[in-house]
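Here are some short notes to read alongside the model. Keep the structure open as you go through the points.

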Amino acid sequence: MRDSRVRTLAHKLVSFSCNVQSGENVLIENYDENADELVLALIEEIYAVGAKPYVWRRNNRVQRALMMGVTEEQLDLMAAMDAELMRNMQAYILIRCTNNAAEGADIPQERSKLYGKHYGVPVHNDIRIRQTKWCYLEYPTPAQAQLAGMSTEAFENYYFRVCTMDYARLAKASEALKALIERTDKVHILGKGTDLAFSIKGIGGIISAGEKNIPDGEVMTAPVRESVNGVITYNVPSNYGGEVHTGVALTFENGRIVKAEGSNPGKINEILDRDAGARYIGEFAFGTNPYCTRPIGKTLYDEKIAGSFHFTPGDCYDEADNGNHSSVHWDLIAIQTPEYGGGEIWFDDVLIRKDGRFVLPELEPLNPENLMDAEKEA
């Protein structure tokens with residue numbers, strides 16, 4: 001008999017996150033082992049609504065071996081085959097099981113760049129993200145627990161708590177912030193090592209509450225592409241391409257990153273030089289999940305931390321399109337709660353969040369204790 005928490009998660013993924021309908025085709029893509037229980041539960045849930053599941057199993061060690069010598073021609077053929085499959089899918093669920101977070105750390109930069117251009121953009125960006133109902137999640141493993149500094153059992157409990165919260169309530173509480181974003185022009189962010197100003201006028205807002213990523217919890221927009229000026233210092237370590245970067249600080253002039261510092265400035269600049277769009281920002285978002293309380297070394301979780309924001313070099317989302325496109329989308333995160341140095345966010349010269357807490361009355365339902373109280377009352 002399957003763990004009831006797994007059944008609950010599978011049901012949410014099928015019925016809420018991807019809103020799977022009768023007759024639709026759903027691709028489940030699973031990297032590495034350990035997620036069999038969830039894959040089986042998803043198959044059952046998909047059949048239960050009258051849809052058709054398809055399963056694709058992959059392995060990160062095999063993927064690394066392929067990437068070490070991959071060519072443009074090889075990637076183009078891989079993309080053509082996978083794109084044809086994806087065009088026949090109405091929904092896509094990606095499950096990753098991290099056994100070694102650094103598995104791709106030694107893939108040559110030029111191979112990663114080729115992969116992004118010849119496979120990532122045409123298959124993932126252009127079809128999966130833009131043409132299907134999709135959701136991405138990771139499944140708990142001992143390696144993830146170790147990365148988070150938790151026992152395996154404690155991490156599993158944490159995982160199911162953050163992944164199965166009442167996302168419908170979170171979405172409702174996020175509406176006021178989305179509305180404020182959509183009538184705001186100027187944004188000013190202050191914090192330790194941060195003094196950043198930009199415009200979000202006319203870009204629009206997106207509520208992300210369990211429909212794309214699990215765990216979820218963010219309200220996002222994007223800056224007007226050339227409006228960003230100042231400096232930002234991120235205080236959450238970020239794993240990109242298998243290497244963990246710390247102390248990342250970016251300086252902007254008229255939207256473009258003109259200086260990049262951190263634990264490995266050479267590698268950071270290599271990422272930002274992959275294409276022209278990588279040195280501009282494609283996303284600005286608030287983290288709002290009340291159960292994500294501290295960094296655990298995984299961006300999928302850390303970008304949802306209540307009291308954080310992320311300011312993302314690279315590709316923008318269609319729903320908040322500032323015209324910036326790139327094979328890079330690097331969610332770099334800053335937490336502004338007091339234990340991380342505090343900070344302020346101002347919209348049109350009005351303080352809206354201080355030290356990680358929303359201070360406007362209409363935004364207070366997004367503060368963690370209010371979201372958690374709402375769940376208790378429910």
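1. How many helices and strands does the secondary structure of the protein come to? There are 11 helices and 20 strands. Bear in mind that this is a predicted model.

2. Next, overall size. The C-alpha atoms fill a box of roughly 55 × 50 × 40 Å along the principal axes. The radius of gyration is 20 Å. For 378 residues, a compact globule would have a value near 21 Å, so the two agree.

3. Of the 378 residues, 52% count as buried. The accessible surface comes to about 15,600 Å². Carbon and sulfur atoms account for 51% of that surface.

4. Look at the contacts too. Take those in the protein with a separation of 6 or more: 72% of them come from residues 24 or more positions apart.

5. Find T288 in the loop between strand 15 (281-287) and helix 10 (299-302). Is T288 buried or exposed? Its relative accessible area is 1%, under the 20% cut-off, so T288 is buried. Leaving out residues up to four places away in sequence, T288 touches L170, G217, E218, V219, K304, I305, A306, L366 and L371.

6. Turn to the second largest pocket. Its volume is about 180 Å³. The pocket is lined by 17 residues. Which of them lie nearest its centre? They are A306, G307, T337, E339 and P368. By class, the lining has 9 nonpolar, 5 polar and 3 charged residues.

7. One residue links the last two points. A306 is touched by T288, and A306 also lines the second largest pocket.

Key: Residues are numbered from 1 along each chain as its sequence is written. This is a predicted model: local features need pLDDT of at least 70, side-chain atom pairs count only at pLDDT 80 or more; totals for chains, interfaces and linings use all residues. Side-chain values use heavy atoms; hydrogens and water are left out. On a 1 Å grid over the protein atoms alone, a cavity is a set of points where a 1.4 Å probe fits but cannot get out, and a pocket is an open set with protein on both sides within 12 Å along at least five of seven lines; lining residues have an atom within 4 Å of a point. Grid points are joined across faces, edges and corners, and a volume is the space filled by probe spheres set on the points. Ala, Val, Leu, Ile, Met, Phe, Trp, Tyr, Cys and Pro count as nonpolar, Asp, Glu, Lys and Arg as charged, and the others, Gly among them, as polar. Helices (H or I, at least four residues) and strands (E, at least two) are DSSP runs, numbered from the N terminus. The radius of gyration is taken over C-alpha atoms; the globule rule is 2.2 Å times the number of residues to the power 0.38. Buried means under 20% relative accessible area, exposed over 50%, partly exposed in between (1.4 Å probe, protein chains only). Contact means heavy atoms within 4.5 Å. Accessible areas come from the Shrake-Rupley method with a 1.4 Å probe; for residues, only the protein chains shown count as cover.
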